[in-house]
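Let's work through some exercises together, one step at a time. Keep the model open beside you as you go.

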Amino acid sequence: MPRRLIELPLLRRLKPGLYVHDEEALNAEPEIGLLDQDITPVDAFFIRNNGALPEIANPEAWTLTLDGEVERSCVWTLDALRTSFETVTETAVLECAGNGRSQFSPPTDGLPWRLGAVGCARWTGVRLTDLLAHAGVKPGAVYTAHHSPDRAIKDETKPALSRGLPIGKALGEEVLVAFAMNGEPLPRLHGGPLRVVAPGYPGSAWQKWLERIEIRSVEHDGEKMRGTDYRLPRRPFKPGEPLDPGQFEVITDMPVKALITAPVAGFEVAAGSEIEIRGFAWSGAIPVAGVQVSCDGGANWREVVLGPSEGAFAWRRFAIRFEPAVPGPVTIIARAYDEHGNVQPLDMPWNPRGYCNNQAQQVKGTAR
């Protein structure tokens, strides 16, 4: 029996509200309404896999190895990580680079995510920079390489995913080796017992089931680090145009974005009655600065005050009330902008892998 079918009952039990994509690997996302909380509950958090989930008989027996371009190789148990280094919590958005891919036309390669491959959680663990300081990073270190036991579905001799981080990012205070999510031990479905937390970077960089960090003197070239995987083109490509991997760069930042979590598509409201429009805005390396909302399909815009932030990489609430004056169709649009003036586009340029789609979301309904 395919591993995906074995795991489906577990997913259905733990995450009953998720839509499961028809893929060989187990991938699922929530309906947008389930994301209407400041901290996304684990049972509403999306699941992304490139291969088969590894079996983990005893999480407490797990070890993490750090080696490569370091002065001393190290191996830690979970307990040693907890007791030897400061435990910290970082609230951060985790978003798949392919979130919103289904909106591209013509279709692109890759999983056709809707808009639910995103969530904001409290991640607890130890700082990767503290581990690197303990091991002693050599001057020639350029990149981390992350290794996990999950295997490719079609060839179990190959890893499903092995990505890494530029050493500068790895040394950032925000990057964690996490063992807890929302105050509970990190679930196996989310990479437990250990995963990388790399705020601002796409979810592919947040390696799950982390068992080894190798420090390399070159950019990592592991599985899904080559070719056009998790890379954006330096120039526009037309549909059907041959792809030159040399024209692509690794995604190291997620664009500014807003998500309307209420009302949901197909809503109805009585003309002359108020309805609350609410959602979240976030960004990658450049902090989100604000959100504008249109209730007439983009003809007019209203500035919305953002709620407080739980951290530099957490999403921020926005809410505004709207009263349709007359019956008819209603189109709500939210667009966020960051502190450098980057604004979500109303129409997203096509790219061949469908990554980093931050086209402004439209929610259509009716005033009766």
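On a 1 Å grid over the protein atoms alone, a cavity is a set of points where a 1.4 Å probe fits but cannot get out, and lining residues have an atom within 4 Å of a point. Grid points are joined across faces, edges and corners, and a volume is the space filled by probe spheres set on the points. This is a predicted model, in which local features need pLDDT of at least 70 and side-chain atom pairs count only at pLDDT 80 or more, while totals for chains, interfaces and linings use all residues. Residues are numbered from 1 along each chain as its sequence is written, and side-chain values use heavy atoms, leaving out hydrogens and water.

**Exercise 1.** Find how many cavities of 30 Å³ or more the structure holds, and describe the largest.

*Solution.* 
- Step 1: There are four cavities of 30 Å³ or more.

**Exercise 2.** Work out where His 220 lies, and whether it is buried or exposed.

*Solution.* 
- Step 1: Look in the loop between strand 11 (212-216) and strand 12 (231-233); strands are DSSP runs of E, at least two residues, numbered from the N terminus.
- Step 2: His 220 has a relative accessible area of 4%, so it is buried (under 20%, with a 1.4 Å probe and protein chains only).

**Exercise 3.** Name the side chains that make polar contacts with the side chain of His 220.

*Solution.* 
- Step 1: Ser 162 is joined to His 220 at 3.0 Å, and Arg 216 at 3.1 Å.

How values were computed. 1 Å grid on protein atoms, 1.4 Å probe; cavity = no way out; pocket = protein on both sides within 12 Å on 5 of 7 lines; lining within 4 Å. Helix = DSSP H or I, 4+ residues; strand = E, 2+ residues; numbered from the N terminus. Buried < 20%, exposed > 50% of the residue type's maximum accessible area, 1.4 Å probe, protein only. Polar contact = N/O pair within 3.5 Å; in protein donor to acceptor, adjacent residues only side chain to side chain.
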